[in-house]
Amino acid sequence: MTNHQLPNLKSVVILGAGAWGTALAKLAAINGHQVHLWSRSDFQPLEKVLEHQNAQIILSAISMKGVRDVASMVQCWPLSPQRIFVTATKGLEPHTTYTPSQIWQAAFPDHPVVVLSGPNLSQEIAQELPAATVVASKNTNAAQTVQLVFSSSRFRVYTNPDPVGVELGGTLKNVIAIAAGVCDGLHLGTNAKAALVTRGLTEMVRIGQILGAKTETFYGLSGLGDLLATCNSPLSRNYQVGYQLANGKTLQGVMANLPGTAEGVNTCRVLMEIAQQQGIAIPITEQVYQLLEGEVTPRLALDKLMLRDIKPEFDNFPTEQIW
Ligand SMILES: NC(=O)C1=CN([C@@H]2O[C@H](COP(=O)(O)OP(=O)(O)OC[C@H]3O[C@@H](n4cnc5c(N)ncnc54)[C@H](O)[C@@H]3O)[C@@H](O)[C@H]2O)C=CC1
Ligand SMILES: O=C(CO)COP(=O)(O)O
């Protein structure tokens, strides 16, 4: 499929007019689609927007803390099952440990749900710098429809059949990005950063396997790709949290001045719940958690990671096949 087909223009409602919702609205509008960007401060109530707009695609770029409330609000309005939901949120719900797409799918069991996630720092996309992303769904037609809506010469969109894996890549890397910010804030060097990001990816795969993701997905754009972008850019709010903590700021002080949402802070807490329930080792996440809770200093967190028991690099390495 190419994105040079005759335009099949859609009506798109984007929920959440933060940095990411606004950038995505611009991408769809540039392609000629009819876009309504809704936020809770909109002069029109949500039900009026859904009624008047007759949206074929409803995309949520709401931060994690608001997803369930907004999904409940949308549920109050009758929608035919052809309407496609797209979720672009990168987070996990506390206690239920649901991903955003699981919340949308539970609220709308008869509708296709598509996850949109990738290395997509919104400021770069708003400047029309080139980027790529992934749209993932169990419903291939729905994923391809969303692919066409957003694809352009500036935004390359791939499909993927593993929505949980794509969603978790974007969510789990936020915690590693906080650690990467600490690493840079402490000026630990390139070797340390490479080790941290690589072991971070191992940790993401380990959690993903427990939560039903396909391992291969973590080596694609929505996993490794987003990990590299977020761990290497001061544009990332999660990276900024770590960087500023390493420079002696308090979490409260950092969060008060942060432009927008750093989902990694809450995701880290949810991951600790999952690790305790499932008995899996997530040492980097654990140190980020202790740092966020004020239980360790950045330097002590580093020492605790470096002085863990020595072990093989991989848990189940098939040595006989290698030698
Ligand atoms: N900014 C970025 O570069 C990217 C962000 N994301 C993800 O997209 C999500 C949103 O991020 P941003 O737009 O940057 O955050 P933001 O903080 O700029 O915007 C969040 C939006 O959610 C809305 N919201 C929160 N709770 C709500 C509620 N209860 N009811 C109605 N609206 C509510 C806010 O009003 C705001 O419009 C996050 O999960 C983030 O991880 C994903 C890719 C890129
Ligand atoms: O997810 C993002 C880039 O893909 C945005 O990262 P931050 O939320 O850390 O700014």
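This is a predicted model: local features need pLDDT of at least 70, side-chain atom pairs count only at pLDDT 80 or more; totals for chains, interfaces and linings use all residues.
## Overall form

The secondary structure of the chain consists of 15 helices and seven strands. Along the principal axes, the C-alpha atoms occupy a box of roughly 60 × 50 × 35 Å.

The chain has 323 residues, and a compact globule of that length would have a radius of gyration near 20 Å. The value for the chain is 20 Å, which agrees with that expectation.

## Annotated domain

An unreviewed UniProt entry lists residues 12–44 and 53–142 under "domain: Glycerol-3-phosphate dehydrogenase NAD-dependent N-terminal".

## Helices H3 and H4

Two packed helices are described by the angle between their axes and the distance between the axes. Helix H3 covers residues 64–75 and helix H4 covers residues 100–107; they pack at an angle of about 15 degrees, with axes 10 Å apart. Because angles under 35 degrees count as roughly parallel, H3 is roughly parallel to H4. Their crossing is right-handed.

On the H3 side, the contact involves Met64, Val67, Arg68, Val70, Ala71, Val74 and Gln75, which meet Pro100, Ile103, Trp104 and Ala107 of H4. By class, the contact of H3 with H4 comprises nine nonpolar residues, one polar and one charged.

## Helices H8 and H9

Helix H8 (residues 190–210) packs against helix H9 (residues 221–231) at an angle of about 140 degrees, and their axes lie 11 Å apart. This angle makes H8 oblique to H9. The crossing of H8 and H9 is right-handed.

H8 contributes Lys193, Val197, Leu201 and Met204 to the contact, while H9 contributes Gly223, Leu224, Leu227, Leu228 and Cys231. Seven residues of the contact of H8 with H9 are nonpolar, one is polar and one is charged.

## Helices H13 and H14

Helix H13 is formed by residues 283–292 and helix H14 by residues 298–306. They pack at an angle of about 160 degrees, with a distance of 10 Å between their axes. Since angles over 145 degrees count as roughly antiparallel, H13 and H14 are roughly antiparallel to each other. H13 passes H14 in a crossing that is right-handed.

In this pair, Pro283, Ile284, Gln287, Gln290 and Leu291 of H13 meet Pro298, Ala301, Lys304 and Leu305 of H14. The contact of H13 with H14 divides into six nonpolar, two polar and one charged residues.

Note on methods
Residues are numbered from 1 along each chain as its sequence is written. Chains are lettered from A and ligands numbered from 1 in the order in which they are written. Side-chain values use heavy atoms; hydrogens and water are left out. UniProt positions are given in the numbering used here, feature names are shortened, and annotations may be inferred rather than shown by experiment. Axes are lines fitted to C-alpha atoms, for helices over the stretch in contact, and angles run from 0 to 180 degrees between N-to-C directions. Helices (H or I, at least four residues) and strands (E, at least two) are DSSP runs, numbered from the N terminus. Angles under 35 degrees count as roughly parallel, over 145 as roughly antiparallel, 65 to 115 as roughly perpendicular and the rest as oblique. A crossing is left-handed if the near helix is turned anticlockwise from the far one by less than a right angle, and right-handed if clockwise. Contact means heavy atoms within 4.5 Å. Ala, Val, Leu, Ile, Met, Phe, Trp, Tyr, Cys and Pro count as nonpolar, Asp, Glu, Lys and Arg as charged, and the others, Gly among them, as polar. The radius of gyration is taken over C-alpha atoms; the globule rule is 2.2 Å times the number of residues to the power 0.38.
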